[in-house]
Amino acid sequence: MGSISPAADSRSARWRRGLSNVPVPVPHLAGVGAAVLLGRLGATPRQPPAAAACGTLLAGSGVLLAAAAWRAARPVDLARPQVLVVSGPYRLSRNPMYLAWLLFHAGAGTAAGSGWTALTLPAAALLVHRAIRDEERRLLEEFGSRYEHYAACTPRYLRLRTTQKNPFGRDG
């Protein structure tokens, strides 16, 4: 048996550290599983190809957004951040990984033709939103005015309006 080279061991450690940086919101994971499973157990009509394609597109968009967010956050330990991640998708949303999970949840349920997604998605989103609020309080304590400025300039999820942002108001 050969031993693992130091370079391969270092790459493996970087991958493990990088993957530990991906928040896995259990409510979305459970919601996707429940929606798909309940959809398969019930007598659901055959999924129209257009709906399946839209669901696949949504889920794929979630995966791509998660990959871009992971790439931007890779150098930072998100569990104990020393700096704010404000590049990549974090320029457009303070929570792109959570947004990615929401897209994946909606897409997987739609692609599977599960009407249960209409129940599991809002429930999971509400639970994750509460966790995000707690996370924001910790970031404000940790980074103070730097996080306050970032939060004022960057929406919590997405900016849905196209009007000029009020520089004195809070968004999100």
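Biologist: At roughly what angle do the axes of H5 and H6 cross?

Modeller: Keep in mind that this is a predicted model. Two packed helices are described by the angle between their axes and the distance between the axes. For H5 and H6, the axes come within 6 Å and cross at roughly 130°.

Biologist: Are H5 and H6 roughly parallel or oblique to each other?

Modeller: Roughly antiparallel would take an angle over 145 degrees, and roughly perpendicular runs from 65 to 115. The axes here cross at roughly 130°. H5 and H6 are therefore oblique.

Biologist: Which residues of H6 make the contact with H5?

Modeller: On the H5 side, the contact uses Glu136, Leu139, Leu140 and Phe143. Taken over both helices, the contact residues divide into four nonpolar, one polar and three charged. The H6 side is made by Ser145, Arg146, Tyr147 and Glu148.

Biologist: Which residues of H6 are buried, and why do they sit on the same side of the helix?

Modeller: Let's start with the other side of H6, where Ser145 and His149 are exposed. The buried residues of H6 are Tyr147, Tyr150 and Ala151. They sit on the same side because they cover an arc of only 100° around the axis.

Biologist: How far does H5 reach from its first C-alpha to its last?

Modeller: H5 has 27 residues, and at 1.5 Å a residue you'd expect 39 Å. The model comes close to that, with a reach of 37 Å.

Biologist: Which helices do the buried residues of H5 pack against?

Modeller: The buried residues of H5 include Leu121, Val128 and Ile132. The buried residues of H5 pack against H2, H4 and H6.

Terms used
Residues numbered from 1 in each chain as written. Predicted model: local features only at pLDDT ≥ 70, side-chain atom pairs only at ≥ 80, totals over all residues. Heavy atoms only, no water. Buried < 20%, exposed > 50% of the residue type's maximum accessible area, 1.4 Å probe, protein only. Helix = DSSP H or I, 4+ residues; strand = E, 2+ residues; numbered from the N terminus. Arc of directions from axis to C-beta. Axes fitted to C-alpha atoms, helices over the stretch in contact; angles between N-to-C directions. Parallel < 35°, antiparallel > 145°, perpendicular 65-115°, else oblique. Contact = heavy atoms within 4.5 Å. Nonpolar A, V, L, I, M, F, W, Y, C, P; charged D, E, K, R; others polar. Expected span 1.5 Å × (residues − 1).
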